[in-house]
Every structure is written in C-alpha cells, then in structure tokens.
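Colleague: I'm new to this one. Could you walk me through it?

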Amino acid sequence: MCRRNALHFSRGALAALGFTALTGLGCPAAFAQAVTGAPGATITLDGKQLPPPPPNFGGVIKEKASESQPWWAPRVVPPKGAPNVLLIMTDDQGFGAPSTFGGVIPTPAMDRVANQGLRLTNFHSTSLCSPTRAALITGRNHHSVGAGVVGEIATGYPGYDSIIPIEKGTIGTILRENGFATSWFGKNHNTPSYQSSQAGPFNQWPTGMGFEYFYGFVGGDASQWQPNLYRNTTAIYPFEGTPTWNLETAMADEAIHYMKQLKEIAPEKPWLVYYVPGATHAPHHPTPEWVKKISDMHLFDEGWNKLRETIFANQKRLGIMPENAQLTPWPKELPEWDSLGLEEKKLFIKQADIYGAYLAYADNEIGRVIQAVDDLGELDNTLIIYIGGDNGASAEGMLNGTPNEFTTFNGIPVPVKDQLLWYPFWGSERTFPHFAAAWAWAMDTPFKWVKQVPSHFGGTSQGVAMSWPGHIDDVGGIRRQFHHVIDIVPTILEATGIPTPQTINGIEQRPIEGVSMMYTWDKANVDAATRHTTQYFEMLGNRAIYDNGWVAATTPATRPWELSTATPPDVISGYNWELYNVNDDPTQFNDLAAKMPDKLKQMQDLFYSEAKKYNVLPLDNSTLSRWNTPRPNLTAGRTEFAYSGELSGVPPSAAPSVLNKSYTITAEVEIPEGGAEGMIVTEGGRFGGYGLFLSKGDFGVGRGRVVFLYNLLDLKRTMWEGPELEPGKHEIVFAFKSDGPGLGKGGTGVLSVDGKDVATNSVEHTIPVTFPEDESFDVGQDTRTGVALVEYRYDAPFKFTGKINELTFKLDQ
C-alpha cells in the first residue's frame with residue numbers, strides 16, 4: 001500500500017519557491033526511491049508572492065527516459081487547520097428586521113449561527129450596496145477600491161470609478177492562490193456597468209476577481225422570477241417555461257451542489273462560498289407559500305410606529321441594546337400610522353407582509369445551505385459569517401411604496417389608489433415591488449435614518465452572526481465592539497492562517513485597511529476595547545467620522561425617499577453637523593454639537609484627514625447628473641448601430657439608448673411562406689421598455705401584424721399597429737421625434753412599412769432616466785419578460801420566425 005511520506009527539498013529551494021511546508025504521497029516499492037515531486041505532493045505558501053514563482057524542474061533529464069527522473073510541481077494547499085469559509089450577506093435588510101436582532105420576522109438560520117457563536121451588535125457597512133460589497137471582498141474602504149458610490153453613477157475619479165484596483169486584490173484571489181476553491185453565488189454589484197456586456201473585459205467580473213465559479217446576477221437588483229442570471233460570464237435562462245422557479249431556491253440548490261461536488265471530488269480541499277442573495281432588496285419576490293406563512297402571522301397589522309416599540313423592547317430583552325439605549329424619535333417627515341386611511345393601511349400592511357415573507361424565505365434557503373454544510377460533515381470546520389444586510393433598510397420605494405421600483409428610479413410616485421390595482425398579486429412576477437419608506441425606518445430600529453445615509457447608524461448598522469465550532473469560547477455571546485465591513489477580510493485571513501500577500505501577479509499590494517475581529521471570540525475579551533478605533537463614512541456628500549467612541553455626523557440634507565432634480569446644497573458649507581458619544585449613547589439620541597464645539601471641530605478635521613487618505617475627495621452630493629455622466633462604455637459617441645440575425649442579453653450600457661432623444665429604427669426582414677411572428681428588437685420588459693415585433697395573434701387570427709409598443713413603466717402602454725406581412729422582403733421603420741430637449745419629454749412616432757406610413761401616434765411622456773436594469777437589449781427574440789401585457793401579449797423568448805437581414809438604429813445627439 002502507498003502511505004504518506006515527507007518529500008524533501010533543500011532550504012534554499014523552498015525559499016526560492018516561496019514555500020513553507022511540503023508533503024507527498026508515497027509510491028509502490030518499485031518506485032520507493034526519494035522522488036522529489038511525486039504525484040500528490042502538496043505545499044503551503046508563505047503567501048508573500050501570489051502566485052508563487054514557477055518552480056524549477058526538480059527531476060533529472062537524460063537522453064533516455066529510463067535514465068531520467070520525472071518530477072511534478074507540488075499542489076498548493078492552505079495551512080493545516082484552515083477552515084472552509086461560508087460568507088453570507090443579505091441585501092437592504094435593516095438592523096431591526098430579523099428575529100436574531102429583535103425583529104419580528106423569523107430568521108432561524110441566522111439564529112442558529114448566533115446560538116453557535118456570537119452576535120455582533122456594533123458592526124457597520126458603508127450605507128449603500130456596491131460600496132459595501134467592494135469593501136467586503138477587499139478589506140479596504142470603499143473609496144480606496146473605486147466604489148465611493150454605486151456603479152450606476154460612477155464618475156471619473158479614483159474613489160468613484162467603480163474599478164477595484166489590481167493593487168488591492170480580493171479575498172477570492174488570495175484564498176484561491178493559497179489552495180482554496182472559491183465561488184460566488186447571488187448578487188454581483190461590483191462589475192462596472194460599462195463592462196457588463198458579452199464583449200467584456202472580464203477582469204472585473206467575479207471570475208476575474210478570484211472567484212473560480214459564479215452563479216448569480218449582475219447589477220443592483222433583479223427579478224427573482226426572471227433574473228438577468230449568469231453562470232460565470234454566460235447568460236442563462238433556467239426559468240423559461242418554469243413559472244414556479246425562483247432564484248432564492250435555485251441559488252441555494254446551486255451552492256449545495258457545488259459544495260457536495262467538492263466534498264466528493266476533493267474532500268481535503270477547503271472552500272470559500274460567498275453567498276449573497278438579492279433579498280431583501282427590491283423587488284420583493286417571495287414564493288406564495290412564504291407569503292401565506294408570514295401574512296397569517298399578522299406581524300405588521302398594528303403599523304410601523306407600534307412595530308418600532310415592539311422591536312426595541314425585544315432588543316432590550318435579548319441584550320442587543322444595552323439598558324441605557326434610547327429609542328430615537330419618529331421623524332416628522334414620515335406619517336404616523338394612526339394618521340392613515342383604511343386603504344393606505346391595507347396596502348402598506350400588504351407591502352410589509354411581502355417584505356417579511358421575502359426575508360423569511362431567504363433565511364430559510366440560507367438555512368438549507370448551512371444544513372448542507374452540516375450534512376457533509378463540515379460544520380465544525382467551517383467559519384460562518386452571516387451579515388444581515390449590506391446597508392440599512394431601503395426607503396427607495398418613496399413615501400407610499402410602488403408596484404414597480406423603476407418608477408422610483410425615474411422619479412414617478414404611484415398613488416395608493418393606483419397601487420391597489422396590483423394588490424392581489426403583490427410580490428408575484430407581475431410586480432417589481434418596494435414598500436413605503438416608513439417601513440424602512442421601522443426596520444432600522446432603534447436608529448435614525450435608512451439606506452444611503454452613512455452619517456447615522458440606521459444607514460450603516462448591520463447585525464452579524466458568526467460561528468466556528470470549537471474556536472469561539474463564548475457560544476451565544478454578544479459583542480459590542482465597533483467594527484466595519486472592511487474587517488471581514490483580515491478576520492478570514494487570521495482564521496485561515498494565510499498572510500496578506502506582498503504582490504499579486506507581480507503587482508505590489510496596498511495594505512489591508514481593516515482589522516481582524518478574532519480577538520472578540522475570546523470570552524475574556526467580552527468587554528475589551530475595540531481594535532478598530534477610527535472609521536470615516538461618506539455617501540452622496542453625507543458623511544461621518546467615528547473615533548474611539550465618538551461620532552461626528554452631518555445632518556442629511558436630502559431624503560432618500562424623495563428623488564428630486566432640485567439643486568442640492570453646497571457639499572461643504574450646506575450641511576449641519578451633529579456630535580455623539582456612542583459609548584454612552586449607542587443610538588445617536590443626544591446631539592452634543594452645541595455643547596462641545598471644540599470636540600466637533602476636532603472630529604471634523606479628522607474626517608477630512610481620513611478623506612484625503614482614502615480617495616474620498618472630491619465630495620459630490622449630486623445624483624441625477626452623475627447617473628447621466630458619460631462613461632467609457634461601448635456606445636460612447638456612437639449614433640448609428642447595425643445588427644442582424646439574433647443577439648440577446650446585451651445590457652443597457654452596450655445598447656443604443658433611445659432615452660430623451662429622437663431616433664429611427666429600421667428593420668430589413670424576410671418573411672417565409674406561411675408568415676412569421678416574433679420579436680425583432682426590444683429593450684426592457686414588463687416594467688418598462690419598447691419592442692418592435694410581429695404579433696403572435698389569437699387562434700391564427702391577427703398573426704404577423706407589425707407592432708411597435710412603448711411601455712411607460714407598466715403604467716401605460718402605447719401601440720403603433722401596421723398590416724400583416726406577406727411572404728417576402730420588407731422594410732419596417734419606426735421614427736420617433738422627441739418634444740425635447742429635457743428628461744422624459746413626449747413626442748410623436750411614425751410606423752411605416754415598405755415606404756408607406758401605417759400608424760402615427762403621440763406619447764405625453766417617455767421614460768426619463770433608465771429602463772429596468774435587470775432587462776436587456778435583444779434582437780430576434782425577447783429574453784426574461786415581455787413588454788406587452790394584455791394586448792399583443794406573448795411568452796418569452798418569442799423568437800422571430802422570419803429572417804432579420806439588417807437592423808439599424810440612428811440616434812439624434
């Protein structure tokens with residue numbers, strides 16, 4: 001039998017290779033000589049240079065193989081005892097939402113992790129999605145890695161360009177090069193929007209950032225029923241023809257399969273699974289079973305004001321909040337529950353039930369993943385970090401919520417009476433819903449403010465549960481030390497025994513900016529001072545600085561639930577500042593600014609010092625102008641586009657934009673005998689967009705009619721209708737003349753076939769800012785959802801059954 005033997009290199013050879021440990025697999029007696037580099041040899045790196053320099057051939061080469069000695073480079077493995085890492089983070093959750101941190105929504109999976117390890121009650125994010133995620137995977141502040149704001153409004157400054165620099169490698173790259181299997185499941189909001197097409201480049205996709213396997217969606221949000229889903233860098237459509245399919249379950253299935261496969265093929269190889277579901281970011285898309293479960297519990301029937309009181313009492317009872325903590329006051333800008341009418345209450349309770357069902361559903365699927373780790377016998381060897389949200393709960397549903405989040409992004413509020421039309425199927429594939437802003441404030445109990453606001457803990461506080469059996473000696477304990485999302489990477493590196501690399505791919509690495517939290521695992525350190533003593537916060541011009549228990553913070557000058565085109569205040573002089581001693585006042589209840597002006601000035605100076613250090617400057621509190629700023633995308637400067645045949649899954653950044661301008665679409669098509677149907681070209685879908693197609697017809701009647709349909713955010717559809725096309729070649733032209741310049745202006749469209757005008761129609765408004773970002777530009781078919789609803793309805797992918805010889809777009813500047 002073969003047995004495990006040590007293989008031997010000289011110390012000089014080991015040093016030259018950057019290796020610190022080496023083992024190998026012995027061989028049959030006939031080959032029992034000391035063969036350095038036998039198949040099965042493994043080695044652990046010192047981690048300074050990733051990847052290590054290629055080793056010199058260690059065998060002997062003569063003229064004949066019989067006189068030569070073979071040699072294989074050893075396989076890199078992590079340090080002995082390095083755990084698997086299951087890194088979980090939900091989306092837009094809110095500190096006070098889950099039961100683990102006093103909320104009323106059941107989260108037994110998060111409870112399980114907390115009860116087997118620790119709950120961290122003073123852990124902070126950046127207050128917005130992609131910035132938190134960039135900080136999480138790099139261990140650096142979000143401006144340090146180009147993510148000063150979400151990628152959709154990136155600008156051309158080092159702190160804001162949405163590019164993670166190569167000198168700041170990710171935890172995926174570090175662990176992969178040290179012998180881990182690395183994977184990413186769920187939301188990817190770190191690929192720049194202008195690099196998200198099939199043309200790449202792909203170095204800023206998960207597979208280019210050290211994660212060997214990716215299964216998830218790209219962008220800020222996605223339908224959970226028909227997401228813009230990718231396997232690695234290829235779009236996939238597993239939901240087609242499967243109406244009950246939901247991404248929350250599908251990605252849990254995928255992650256479980258991935259871990260099981262690794263266990264069976266390479267049982268000794270540890271893994272990093274980065275698991276980041278879309279829940280509870282809008283759209284809130286739970287399954288009907290979970291909607292019933294949560295609705296039957298009547299968790300939200302007494303409204304948001306009573307909910308805050310219930311959550312805060314739970315937090316005191318559980319020890320989440322200390323006895324001296326005070327519940328912050330309800331803001332005058334949001335309505336009191338008792339001031340609402342019956343129809344408003346009915347709608348708002350439905351919105352919260354769907355949100356609660358979404359969180360409970362997501363936690364259940366996370367629980368399945370954790371149970372699979374247990375079933376594989378790996379739970380005792382797995383560090384689980386479960387972060388409740390990447391920022392505070394979101395108020396981006398505006399004051400009354402919305403059945404379609406893209407109405408918010410386009411600055412269009414939907415009245416309650418109109419929203420009630422969607423009430424029976426709220427949360428289904430027919431909606432892209434978000435709840436009223438007041439629910440977000442309640443989910444962030446006991447703090448003030450919400451997502452987007454970095455100055456107050458309602459925007460940044462995230463409940464964290466962390467476990468590693470046998471390594472945390474205060475099981476079920478609570479830790480109050482201040483920590484930040486940049487502390488996750490150094491914690492993982494310390495737990496795995498892997499050092500921070502000096503170089504990756506020959507590029508000298510900048511220092512990790514977070515600190516490890518492993519010291520908190522020791523019961524003796526329950527009351528130890530935090531090792532993360534200073535931390536700045538900035539988002540959209542709003543800002544704060546934490547330093548040794550003190551927080552100086554600007555008072556938000558704009559409200560996240562009011563998207564306005566009004567000029568914001570001066571980014572420096574237009575903000576008031578507040579001051580808090582959060583050691584004594586953990587909820588930021590008592591503003592000490594007026595009493596301690598010298599301390600406030602000291603903290604303000606510290607903020608600007610940190611801002612200069614971490615690429616925060618220049619400060620910018622604009623939003624709409626940044627959304628529309630030119631970026632280096634594939635369409636920049638182009639006014640003419642040409643296509644033929646089929647093309648699908650093209651993101652908006654790589655498609656011809658028809659927003660806020662005049663344009664002409666010309667299609668040269670060929671119709672076969674028997675006629676044709678299907679999509680010629682479309683962008684968007686059910687929740688906003690356009691489509692030029694030949695109708696499907698009903699029972700063979702009306703098939704093949706030329707139709708151009710404009711869908712104004714699922715609020716109104718306008719159609720231009722032409723004749724049925726006979727077999728042969730045809731030219732179809734849709735020419736739109738905008739009433740602009742300006743955002744969302746109406747205009748007049750003319751549809752012509754073979755040189756003859758067949759329909760003229762006007763629209764009062766067009767979509768001003770964005771089509772749904774989880775949809776795509778498609779030629780010859782329509783992926784995900786269709787733009788039609790009732791009239792001319794069709795099922796995706798609605799492939800064109802004729803031939804598209806040429807399709808052209810001509811855009812006005």
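This is a predicted model: local features need pLDDT of at least 70, side-chain atom pairs count only at pLDDT 80 or more; totals for chains, interfaces and linings use all residues.

Colleague: OK. How do α2 and α8 cross?

Modeller: The axes of α2 (residues 108-116) and α8 (residues 342-375) cross at roughly 45° and come within 7 Å. That makes α2 oblique to α8; angles under 35 degrees count as roughly parallel, over 145 as roughly antiparallel, 65 to 115 as roughly perpendicular and the rest as oblique. Axes are lines fitted to C-alpha atoms, for helices over the stretch in contact, with angles from 0 to 180 degrees between N-to-C directions. Helices (H or I, at least four residues) and strands (E, at least two) are DSSP runs, numbered from the N terminus.

Colleague: Which residues make the contact?

Modeller: From α2 you get P108, A109, M110, R112 and V113, and from α8 D363, I366, G367, I370, Q371 and D374. Contact means heavy atoms within 4.5 Å.

Colleague: Switching topic, what's the strand order in the open sheet of 6 strands?

Modeller: The order is β23-β34-β25-β30-β31-β32, with antiparallel pairing. Two strands pair if DSSP finds at least two bridges between them. β23 (640-643) and β32 (756-765) are at the edges with a single partner strand each, so one side of each has no neighbour in the sheet. The twist averages 10° from one strand to the next.

Colleague: How many bridges do β31 and β32 have?

Modeller: β31 (residues 745-753) and β32 pair over 8 bridges, in the antiparallel sense. G749 stands opposite N761 in β32.

Colleague: And how many aromatic pairs are there in the whole structure?

Modeller: A search finds 47 aromatic pairs. Rings of Phe, Tyr and Trp (its six-membered ring) pair if their centres lie within 6.5 Å; planes under 30 degrees apart count as stacked, over 60 as edge-to-face and the rest as tilted. Take F95 and F447: their ring centres are 5.3 Å apart and their planes at 65°, so that pair is edge-to-face.

Colleague: Where do F95 and F447 sit in the chain?

Modeller: F95 is in the loop between β6 (84-89) and α2, while F447 is in the loop between α11 (437-443) and α12 (457-460), 352 residues apart. F95 counts as buried at 1% relative accessibility, and F447 is buried with a relative accessible area of 2%. Buried means under 20% relative accessible area, exposed over 50%, partly exposed in between (1.4 Å probe, protein chains only).

Colleague: How many residues of α3 are buried?

Modeller: In α3 (residues 129-138), 10 of its 10 residues are buried. Just after α3, G139 takes a positive phi of about 75°.

Colleague: Which residue has a positive phi although it is not a glycine?

Modeller: S127 is one of them, at about 95°. S127 lies in the loop between β7 (118-124) and α3, and is buried with a relative accessible area of 0%. Q452 also has a positive phi, about 85°, and is found in the loop between α11 and α12. Most residues other than glycine have a negative phi, and most peptide bonds are trans.

Colleague: Where is a peptide bond cis?

Modeller: From T445 to P446, with omega near 10°. Another cis peptide bond joins A279 and T280, with omega about 5°.

Technical notes
Residues are numbered from 1 along each chain as its sequence is written. Side-chain values use heavy atoms; hydrogens and water are left out.
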